[in-house]
Amino acid sequence: MKRAGAATLILVAILALAASWVAPNAPERRFNDLLNAPPTRVHVWDGGPRAPFVYRQRVVSRLERRFETVTTERVPLRWFADGTLVTADPRGGVPLLLLGADGYGRDVFSRVVHGSRLTLALALLATLGATLLGAAIGGVSGYAGGRVDLVLSRVTEFVLVLPAIYVVLALRATLPLIVPSSTVFLSLTGIFILLGWPSVARGVRAIVVSERTRDYVTAAEALGASRARVLLRHLLPAAGGHVVTQATLLLPAFILAEATMSFIGLGFPEASPTWGTMLQEASNVALLGDAPWALAPAAAIFLVVFAVNLVVQGTSRVPVQLER
Amino acid sequence: MWAFLVRRVAFALVLIALASSAAFLLTRAAPGDVTDQLGPFAKPAEVAAMRARFGLDQSVLKQWLSWAWHAARFDFGESFLYSRPVRGLVRQAALNTAVLALAAFVVATAVGLTLGVISGSLGSGALPAMIRAASAVCVSLPPLLSSLILVFIAARTGWLPAGGMSSSGSGDLSWAGWLADLAWHVPLPAIALALPIAATFERLQAQAMSEVVGQPFVLAARARGVSSGDLILRHAWPVSLRPICAVLGVAVGALLSGSFVVEYVTAWPGLGRLMYEALRARDIYLVAGCAATGSALLALGTLVGDVLLAVVDPRVRDEAHS
């Protein structure tokens, strides 16, 4: 199970890195005749075995979102053409829509693949930042002790009880409602780090407090090691396992936080594909019943969160966490 | 116990004051204000009148002081968005959120603990394996995803209403009819909110149960001839409850945070939705009122959780004494 989870994560990472080669269509390309078109089915049989091909989809009724396939003309899939792994004939109006099209006629599969980049990069960067900040604060708090420890511990506890999503909401609201993608990326990363570090810091502090009375620390201090060296080279490595566990809990939480913020329109602008902005399409209940492929980004989020949980469950017996 | 309660209430008051003041000041510092809602063609005189009416012409400190002075007497000012006192709006929304959160909590506890006892006491076999798999999936289905999926199922099948808290025209229903209508709308958002928490409870309960079942006192009870059902329910289960009670406080936070998303997706007129609208419109007093109420709910929930933990585990009570 643990291996399956790790394999899934590696696959997702490869897809994200190779997005522009994997995606059959450009993520912002609009096929105006194929709004909300269902997924293109790939056929290999037409009276006899054939190389994989697709049929053209033609809109029958725009209002009812009904489409029919034109079975008279086979459009063969083209491999390693146009700089992508596989594609159909997008210029001739027959794109390969593996997961259908959204309300603007954009390829959902290509957008999910491209969207993984911003979503995952943001979550990874925020996880890294929160882990480093948490380890630093927890380490200083535990090693320094006294008044510094008291103040830092109180702050840690206070941030821990706050319901995170409301704080994210309030902090994000201090920016204008519409801001460019790069500003969103930086501000959300900063906000996530500010809210994520305490869970790391609390555990690191506890470990450092119990470790600092050990003989090896006294020995290092007696040898004249500076305080910074004792903390960085001797104490923090002891907390390594805890830090890694916390990071695996923060990563899915941040992926979700980004998705939530973009979903409610306070994250990335609609034009830049992320799993959250794509989910906005699914908030249209009337459309959702007819176009279930709007849930594709939800499936992607689930897949990553599930895979992370599988990996964590393999390493420790207590995978239990609740989102605040 | 009393010293413990007093300390917790004091902490709650500090939390409420800090959270609502922070929300107030952040919204005030945000670019734009409520006068943006008047549209681009508002006359300067109208804008000035509006700013004066909501105290935006005063300095930040002065406005905050006068708001805090009134808020301490439960007067949270007037909402621009609804042209009504914040207090009434927030009370109604908090009630709606509490209904949703309580329903979800009941579902999560009932489902999570039952399945946890079953899978924890049986240990291995087909049934526990199925329960484990189901909760592994549900743990990875946070409210954002679970509510979207349930709304999709509801839209596809029509089994349940896909959103809202009441049907249109339910205003003229009798009291019983109104209650039935509410009961018709509650399940979808409540289940969406409950699923991940139920899964967490199931995992915790199963772990605790499997640990308790191996302890000597259970073996001793079995040797005395206690039946299997009694053994699990009367002897082992109460002892295994501690881990659940320990996360109750966190569960309250999860319910509140999760209910924000669920309210947004299913159009439930709760506190999260109200605060979101208020934030977007820069409705300062409404934002602060929502933050105060939300943090009060959170503090109340954690307090109840801690008291329950003290009831179940005498050791916690003794710590509170010392």
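What follows is a chat about a predicted model with chains A and B.

Biologist: Hi! Let's start with chain B. How many helices and strands does chain B have?
Modeller: Chain B has 14 helices and two strands.

Biologist: And what does the C-alpha trace of chain B span along its principal axes?
Modeller: About 85 × 55 × 35 Å.

Biologist: What percentage of the residues of chain B count as buried?
Modeller: That would be 43% of its 322 residues.

Biologist: Okay, and what share of the contacts in chain B with a separation of 6 or more comes from residues 24 or more positions apart?
Modeller: Those residues account for 74% of such contacts.

Biologist: Is A:P24 buried or exposed?
Modeller: A:P24 is buried, because 22 other C-beta atoms lie within 10 Å and the cut-off for buried is 20 or more.

Biologist: Nice. Which residues does A:P24 touch, leaving out those up to four places away in sequence?
Modeller: A:P24 touches A:T84, A:V86 and A:T87, then A:P95 and A:L96, and also A:D107 and A:S110.

Biologist: What about A:T40? What separates the C-alpha atoms of A:P24 and A:T40?
Modeller: Those two C-alpha atoms are 12 Å apart, with the residues 16 positions from each other along the chain.

Biologist: You mentioned β1 of chain A. What order do the strands have in its open sheet?
Modeller: The order is β1-β2-β3 in chain A, three strands with antiparallel pairing. β1 and β3 (66–76) of chain A are the edge strands, each pairing on one side only. From one strand to the next, the twist averages 45 degrees.

Biologist: Over how many bridges do β1(A) and β2 of chain A pair?
Modeller: Over two bridges, in the antiparallel sense, with β2 covering residues 49–61 of chain A.

Biologist: Which residue in β2(A) does A:H43 stand opposite?
Modeller: That's A:F53.

Biologist: Last topic, the two chains together. How many residues of chain A are in contact with chain B?
Modeller: There are 33 from chain A, in contact with 42 residues of chain B.

Biologist: Which helices of chain A each supply at least two residues of that side?
Modeller: They are α5 (164–172), α9 (240–263), α11 (285–290) and α12 (296–315) of chain A.

Biologist: And how do the residues of the side of chain A that touches chain B divide into nonpolar, polar and charged?
Modeller: On that side of chain A, 26 are nonpolar, five are polar and two are charged.

Note on methods
Residues are numbered from 1 along each chain as its sequence is written. Chains are lettered from A and ligands numbered from 1 in the order in which they are written. This is a predicted model: local features need pLDDT of at least 70, side-chain atom pairs count only at pLDDT 80 or more; totals for chains, interfaces and linings use all residues. Helices (H or I, at least four residues) and strands (E, at least two) are DSSP runs, numbered from the N terminus. A residue is buried if 20 or more other C-beta atoms lie within 10 Å of its own, exposed if 12 or fewer, and partly exposed in between; C-beta atoms are placed from the backbone. Two residues are in contact if their C-beta atoms, placed from the backbone, lie within 7 Å. Two strands pair if DSSP finds at least two bridges between them. Axes are lines fitted to C-alpha atoms, for helices over the stretch in contact, and angles run from 0 to 180 degrees between N-to-C directions. Ala, Val, Leu, Ile, Met, Phe, Trp, Tyr, Cys and Pro count as nonpolar, Asp, Glu, Lys and Arg as charged, and the others, Gly among them, as polar.
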